Structure formats: structure tokens, C-alpha cells
Amino acid sequence: MRRLYFIIVGIIYCTSCTTTVENNNSKNLFPPIMGTWKLISGTTIKDQDTVFTDYTKDQEMIKIINKSHFAFLRHDLKKGKDSTAIFVAGGGRYSLKGNKHTEHLEYFNVREWENNSFEFEFTIHGDTLITRGVEKIEELNVHHINIEKFIRIKK
């Protein structure tokens, strides 16, 4: 009887250790920035000019981040039927180091932006992602700070 008790305790102990190891590995495999995010607002700062955009009015944008790539899609909410018509899409590979991620823009409907990389610092508080970085493309005279606020889209 005593031997059976130790066998059962041993099985429970080994099973609980295995579960813990798997959960720890899962956290390393899936960084918190991964997921689908809805853009709420954006702030662009160029020289002395600051432009704030509320992305919850008349348009919508999502950003999808998986283990190796990102993609973003933005469109107007009036189905392209008036002067607010817009469609923006892009994506590519990204790399992650600590709280910095670098987007390597490989696809974009504004083709002149392709093949450029942009580094962003990010913070995540609950279901809110805030990114901040410099977008600079000398040939296009683009040089501004871009700050974006997203909320996580849950399943």
C-alpha cells in the first residue's frame, strides 16, 4: 500500500513538472506583441508640427503580428463611396529584441516605401500596445516620429 502511495505521488510530481516546463516554453515561443491589434490613434511629429489622428472615426486599421511577419490593413468605413475613400496595406518581416521591434517593410501599396526598415520601441499594458519610432526615408524627404496606440483584438 505504501509503495502504491509513492508511485502515485511520483506520477503527480512528474506530470506537474512537465506542464510547468511546457508553459514556460510557450511564453518564450510567443512574445506578447504577437496577435491582432486594432489601431486606435496615431501621432506624427515632424519638426514643430504634431498631427493627431483618431482611427476610430471614418476608418479602421488592424495590424497582425505573428512569429516572423507583420501586416497592416486600413480602409475607410464608407466602402470607398465618398471623398474619405482609402485603402492602405503593407507588411513584411520583423525582428524583436527586448522592447524594440524592427519592421522590414517588404510590401506596401506606396511602393517607394518598400525595402526600408523602421525601429519601434513598444510597451504593452494589459490589452494596449503603444509603439514609438522614427520613420525616415531620405529619398522621399520622410523623417518624423510616429506614435501609435492599439488595442488587442480578442478571439
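The side chain of Asp82 meets that of Lys78 in a salt bridge, with 3.7 Å from N to O. Lys78 also counts as partly exposed, since its relative accessibility is 42%. Side chains of opposite charge can pair when their charged atoms come close.

The structure has eight salt bridges in total. In one of them, Asp127 and Arg152 are joined at 4.0 Å, N to O. This pair links distant parts of the chain: Asp127 belongs to the loop between β7 and β8, whereas Arg152 belongs to strand β9, 25 residues apart. Asp127 is partly exposed at 29% relative accessibility, and Arg152 is partly exposed with a relative accessible area of 24%. Together with Lys154, these two residues, Asp127 and Arg152, form a network of salt bridges. Another salt bridge brings together the side chains of Lys136 and Glu138, at 3.9 Å from N to O. Here the two partners fall into separate classes: Lys136 is partly exposed at 42%, while Glu138 is exposed at 62%.

The interior may now be considered. In soluble globular proteins, nonpolar side chains tend to be buried together. The largest nonpolar core of this model contains 21 residues, of which Phe72, Leu105 and Trp113 touch the most other members. Among the elements that give two or more residues to this core are β1 (35-46), β4 (69-76), β6 (100-108) and β9 (142-152). Strand β7 gives the most, with three residues. Leu105 illustrates how separate stretches of sequence meet: leaving aside neighbours within four places in sequence, Leu105 is in contact with residues including Phe70, Phe72, Gly90, Trp113 and Phe118.

Asn99 is found between β5 and β6 and counts as partly exposed, because its relative accessibility is 38%. Not counting residues up to four places away in sequence, Asn99 touches Phe120, Glu121 and Phe122. The C-alpha atoms of Asn99 and Thr131 are separated by 9.7 Å, although these residues are 32 apart along the chain.

Finally, the confidence of the prediction should be kept in mind. The protein chain averages a pLDDT of 85, and 81% of the residues score at least 70. Over residues 9-27, however, pLDDT stays under 50, and the model has zero contacts beyond four places in sequence for this stretch.

Methods. Residues numbered from 1 in each chain as written. Predicted model: local features only at pLDDT ≥ 70, side-chain atom pairs only at ≥ 80, totals over all residues. Heavy atoms only, no water. pLDDT = per-residue confidence, 0-100. Contact = heavy atoms within 4.5 Å. Core = buried A, V, L, I, M, F, W, Y, C linked by side-chain atoms within 4.5 Å. Buried < 20%, exposed > 50% of the residue type's maximum accessible area, 1.4 Å probe, protein only. Helix = DSSP H or I, 4+ residues; strand = E, 2+ residues; numbered from the N terminus.
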